[in-house]
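Dear colleague,

Please find below the structure that I promised to hand over.

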Amino acid sequence: MQRYTRRYTLYFRLVIFLFLSINFCLLLFFTTNQNRNSHFSFNKTTNIANRIVLFVRTSHNCQSRLNYLLQSWISRNVLKKSNLYLITDRISTTTNLTLLNSFHNIIQTHCPETHNRIDLCCKTAYEFQLFYSLNKIKSNLEWLCRFDDDQYVNLNNLYKYLSQINASKPYYIGRTSINGGLKVSNSNRTYSFATYGAGVCFSHALLKQLRPHVNIKILPRNCIKRGLSDDAYIGYLIEFVLNVSLTAINDRFHSHLEKLDKSFRNYSLDDLFHGITFGFSWDRYKLDWLPIIHHLINLINQNQYETANHLWLFLRNYEKEHPENLKDKYDESCISYQHLRNQSIELQMRKNKKIIQHSKKHIRRS
């Protein structure tokens with residue numbers, strides 16, 4: 001009986017030992033695996049800048065705008081550590097060379113020097129072709145994100161967002177331009193497109209599918225043929241031809257097309273801090289707001305939230321109390337916009353003159 005009891009006790013201890021050993025091994029395995037996963041995800045987030053190509057589009061008429069970008073989101077560190085390229089029609093002789101020399105990569109497209117459809121579609125084709133050329137040299141590229149020279153981009157938020165998305169699947173990311181979509185001619189279907197005024201990102205998988213349609217010779221011709229702007233035509237290709245839906249993040253990508261009463265100035269500081277892009281409009285506000293936004297975001301990053309919030313509330317309330325400061329404002333950093341403004345002023349003066357003449361005739365008759 002004692003021998004049986006001892007044997008039973010020995011077996012029992014052996015079973016307990018095996019049970020604890022197995023559990024310890026499983027725990028060690030999951031902990032190690034979890035650490036590996038967290039390490040991988042950390043690296044994925046921090047190295048995302050190496051896997052994204054950033055294109056900033058400007059023109060020879062607007063190159064003085066670049067000064068505002070260099071004072072805000074395009075720092076020296078960004079220029080060194082990111083794949084950032086400046087796309088322009090040509091380098092203007094009046095542009096400050098020190099300003100241009102800050103950019104390591106400048107691409108001259110020699111597209112028509114206007115802000116018309118043919119110019120924009122031509123530059124868009126060059127952007128795609130540049131990505132395909134770069135991809136031959138840098139095979140790790142996963143994203144193409146393009147912006148205009150009147151946009152603020154929070155790169156940290158952009159990197160965090162894109163690091164969570166699988167670029168091996170077709171993604172078309174941006175802000176919906178028109179609610180309800182555009183109707184396709186000779187079809188009952190409609191499609192959405194991301195406005196370039198808020199910035200757009202394309203995944204590597206989608207860029208592969210787009211390649212036959214965005215050749216430098218093909219894209220501008222078909223763009224004009226359909227009577228569409230460059231961003232509307234790209235949306236047509238992606239949603240209608242390739243059948244890939246727009247991933248709209250309207251709460252984080254902001255365009256100059258948003259109404260002034262819904263502009264970034266009326267957002268809370270949290271909205272400002274979590275946004276990815278903010279677009280500006282030449283006929284509403286000046287680009288000296290770009291450095292202000294950047295400094296506010298930096299204050300939050302330095303745990304100075306209360307200071308940033310006080311400053312932000314002061315700026316917003318000041319404008320609400322002085323609405324006259326918002327009237328007749330325009331961005332002076334573009335020569336072409338100055339011409340447009342002068343034309344609009346001249347047109348308005350002609351209309352006013354006709355109204356006065358018509359009133360005088362009416363008085364004489366009466």
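An open sheet is formed by three strands in the order E5-E12-E11, with mixed pairing; strands here are DSSP runs of type E with at least two residues, helices are runs of type H or I with at least four, and both are numbered from the N terminus. Two strands pair if DSSP finds at least two bridges between them. At the edges lie strand E5 (151–153) and strand E11 (253–254), each of which pairs on one side only. E11 pairs with strand E12 (residues 277–279) in the parallel sense over two bridges, and His 254 stands opposite Phe 278 in E12.

Please keep in mind that this is a predicted model, in which local features need pLDDT of at least 70 and side-chain atom pairs count only at pLDDT 80 or more, while totals for chains, interfaces and linings use all residues. Residues are numbered from 1 along each chain as its sequence is written, and side-chain values use heavy atoms, with hydrogens and water left out.

Turning to the helices, helix H8 (residues 218–225) packs with helix H9 (residues 230–241) at an angle of about 100°, their axes being 10 Å apart; the axes are lines fitted to C-alpha atoms over the stretch in contact, and angles run from 0 to 180 degrees between N-to-C directions. H8 is therefore roughly perpendicular to H9, a term that covers angles of 65 to 115 degrees. Leu 219, Asn 222 and Cys 223 of H8 make the contact with Asp 230, Tyr 233 and Ile 234 of H9, where contact means heavy atoms within 4.5 Å.

The whole structure holds nine salt bridges, each being a side-chain nitrogen of Lys or Arg within 4 Å of a carboxyl oxygen of Asp or Glu. In one of them Glu 127 pairs with Arg 57, with the closest N and O atoms 3.0 Å apart. This pair links distant parts of the chain, since Glu 127 lies in helix H5 (residues 117–137) and Arg 57 in strand E1 (residues 52–57), 70 residues apart. Both Glu 127 and Arg 57 are buried, that is, under 20% relative accessible area with a 1.4 Å probe and protein chains only.

Arg 146 and Asp 148 also form a salt bridge, their closest N and O atoms being 3.0 Å apart. Arg 146 counts as buried because its relative accessibility is 1%, and Asp 148 counts as buried at 16%. Finally, a network of salt bridges links Arg 57, Glu 127, Arg 146, Asp 148 and Asp 230.

With kind regards

Note on methods:
Parallel < 35°, antiparallel > 145°, perpendicular 65-115°, else oblique. Buried < 20%, exposed > 50% of the residue type's maximum accessible area, 1.4 Å probe, protein only.
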